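Trainee: Please take a close look at one surface part of this model. Then follow the links from there to the rest of the chain.

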Amino acid sequence: MMAAVSWSGVAVAVTAACVALHVAARVLDAVWWRPRRLEAHFAGQGVRGPPYRFLVGCVREMVSLMAEATASPMPASQPHNALPRVLAFYHYWRKIYGATFLIWFGPTPRLTVAEPDMVREIFITKAAAFDRYEAHPVVRQLEGDGLVSLHGDKWALHRRVLTPAFFPDNLNRLVPHVGRSVAKLAETWRAMASAGGGEVEVDVAEWFQAVAEEAITRATFGRSYVSGRVVFRMQARLMAFASEAFRKVLVPGYRFLPTKKNRMSWGLDREIRRGLIRLIGRRSGGDAGEEDDENAEMKHKDDGFKDLLGLMINAGAVNKAMPVEDMLEECKTFFFAGKQTTTNLLTWATVLLAMHPEWQERARREVLAVCGDDAGELPTKDHLPKLKTLGMILNETLRLYPPAVATIRRAKCDVTVGGIAIPRDTELLVPIMAIHHDARFWGADAAQFNPARFAGGAARAAKHPLAFVPFGLGSRMCIGQNLAILEAKLTMAILLQRFDLKLSPNYVHAPTVLMLLYPQYGAPFIFRPRQSQPSD
Ligand code: HEM
């Protein structure tokens with residue numbers, strides 16, 4: 001009996017040891033042997049990069065390169081040569097290893113691809129072999145489980161349902177509303193200027209956020225704008241908490257701790273859900289009494305406006321394909337994807353107009369000629385396509401300072417791109433900003449502000465038609481780009497019509513990246529109201 005017990009004990013111990021050994025071997029393979037095999041695999045095809053370091057990959061070097069680059073502002077001699085500052089690691093390693101190289105995000109391989117022909121394969125011809133990158137849970141909590149992160153059939157359904165909201169004819173109906181919100185902002189600045197000796201200094205980022213928030217709230221909720229605005233205000237507070245948590249992602253499980261901020265976030269999240277569910281319930285029940293007074297006039301004019309919520313409710317009613325939970329996540333996603341990106345475009349466009357007064361004057365002359373010089377008159381939907389110079393300036397802004405500086409894909413299977421065999425689960429980093437700054441495609445003046453290069457349209461601005469991709473490419477290209485351009489053109493036109501603007505002496509030119517491209521020390525400008533002049 002004794003012998004039987006001890007033999008079974010030994011068997012258990014041996015099995016446990018085998019399992020432990022197996023697990024240890026798998027872990028060691030994942031964090032050491034596999035990276036070494038992959039390094040050899042890519043090196044055999046001429047693709048090299050900084051060496052893999054146990055567990056951390058190249059993250060330490062990346063962090064120190066980025067910290068060094070952001071320690072001082074841009075040199076005055078080359079203000080727009082921002083790539084070495086914004087994507088310091090890319091700029092540094094590209095000089096050593098060429099345009100396509102391998103880096104390590106921990107034990108995960110990331111192939112860096114900045115050749116437009118390869119980018120075409122990844123996003124268009126071989127797109128089926130790639131998936132969107134799974135964002136960190138904290139980022140996902142911020143961006144919602146909507147279009148940005150969906151895959152397969154569910155993504156295709158949502159994209160189909162939501163696309164009509166972004167057709168130009170539909171978006172044109174937003175022009176008066178967005179215009180009025182910018183005019184209100186301009187009025188505030190004008191009043192501040194007259195109280196302050198004829199000019200006013202403002203940091204534009206926060207103000208532009210209000211404009212972008214207005215546009216995305218109208219696009220999402222249409223006639224339920226006022227109730228929607230209450231929900232999105234809470235969402236804005238939630239985003240502020242979550243982006244603070246984003247800076248603490250290195251503390252594992254931080255987001256689950258019942259800290260004061262976390263508890264407030266959870267409470268807000270519940271409130272947002274309740275608010276949206278109430279709103280959806282009212283709209284699904286066809287409650288026409290839900291519009292408020294402010295919107296009575298809008299309701300009349302906006303008959304037929306396709307807002308995102310209405311499109312989703314219809315889809316849910318028709319084939320039950322969109323449960324309420326999915327609608328909630330989409331609302332979150334659109335708020336996240338639509339607000340900060342457009343704010344950044346507006347901010348950088350203002351920086352560039354202030355840094356280049358000759359272009360500011362050219363754009364203003366065009367605005368006055370097309371839209372008139374009466375500060376009481378708002379530009380209309382028919383004016384916007386005629387603002388060609390402003391369009392070129394916005395494109396040049398998106399080229400030099402793309403709000404989304406890079407995007408990532410993951411290979412779902414073994415696949416060949418640009419003749420390079422890429423094993424399954426390799427990540428591909430496409431540094432949009434690096435392609436936009438590449439002198440091979442943009443010429444010797446690639447780091448200079450020259451909107452004239454877009455005079456013949458975006459596709460012909462560079463030597464390669466795919467060297468300009470601020471909104472991505474292929475089927476997952478930005479769904480909101482028409483809205484972003486509409487907002488940006490309208491806002492800049494109204495501001496140019498009403499103000500001369502210049503950089504504040506307190507402005508420090510220091511673009512940096514925290515998810516999106518930001519001015520590191522804010523964006524203070526001086527606005528001086530213009531006297532109405534006859535347009536020539
Ligand atoms: C200047 C402003 C904007 C820029 C630079 C921008 C940039 C981008 C880029 C580069 C992508 C593709 C990412 C990838 O392929 O990995 C994208 C996707 C997306 N954008 Fe934008 N965006 C802007 C404004 C907006 C606005 C205003 C909205 C919403 C109203 C929006 C909603 C989205 C959504 C939902 C996706 C995911 C599309 C899909 O996967 O089907 N974006 N954006």
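**From the surface patch inwards**

Mentor: Start with Leu 55, which sits in the loop between α1 and α2 (59–69). Helices here are DSSP runs of H or I with at least four residues, strands are runs of E with at least two, and both are numbered from the N terminus. The model is predicted, so local features need pLDDT of at least 70 and side-chain atom pairs pLDDT 80 or more, while totals for chains, interfaces and linings use all residues. Residues are numbered from 1 along each chain as its sequence is written, and side-chain values use heavy atoms, leaving out hydrogens and water.

Leu 55 has a phi near 70°, positive although the residue is not glycine. Most residues other than glycine have a negative phi. Leu 55 counts as partly exposed because its relative accessibility is 46%. The cut-offs are under 20% relative accessible area for buried and over 50% for exposed, with partly exposed in between (1.4 Å probe, protein chains only).

Leu 55 belongs to a nonpolar surface patch with Leu 28, Trp 33, Phe 54 and Val 56. Together the five have about 470 Å² of accessible area. Such areas come from the Shrake-Rupley method with a 1.4 Å probe, and for residues only the protein chains shown count as cover. Patch members have over 30% relative accessible area and no salt bridge; nonpolar side chains (Val, Leu, Ile, Met, Phe, Trp, Tyr) are joined within 5 Å, like charges within 9 Å.

Leu 28 is in helix α1 (residues 2–43). Leu 28 is partly exposed because its relative accessibility is 41%.

Glu 39 is buried, because its relative accessible area is 19%. Leaving out residues up to four places away in sequence, Glu 39 touches Pro 50, Pro 51, Tyr 52, Leu 102 and Trp 104. Contact means heavy atoms within 4.5 Å.

Next, the charged pairs. Arg 53 forms a salt bridge with Glu 61, at 2.9 Å between the closest N and O atoms. The criterion is a Lys or Arg side-chain nitrogen within 4 Å of an Asp or Glu carboxyl oxygen. Arg 53 is partly exposed at 37% relative accessible area. A search of the whole structure gives 31 salt bridges.

One of them joins Glu 213 and Lys 339, at 2.8 Å from N to O. This pair links distant parts of the chain: Glu 213 lies in helix α10 (residues 204–221), Lys 339 in helix α15, 126 residues apart.

The largest nonpolar core has 150 residues, and Phe 89, Trp 189, Ile 422, Trp 442 and Phe 527 touch the most other members. Helix α15 (residues 324–355) supplies the largest share, 14 residues. A core here is a set of buried Ala, Val, Leu, Ile, Met, Phe, Trp, Tyr and Cys residues joined through side-chain atoms within 4.5 Å. Beyond its neighbours within four places in sequence, Phe 89 contacts Met 62, Leu 65, Met 66, Ile 103 and Leu 429.

The ligand's iron atom has a single protein donor, Cys 478 (SG), at 2.3 Å. Donors are N, O and S atoms within 2.8 Å of the metal (3.2 Å for Na, K and Ca); water is not among the atoms, so sites may look incomplete. Cys 478 lies in the loop between α19 (439–442) and α20 (481–498).
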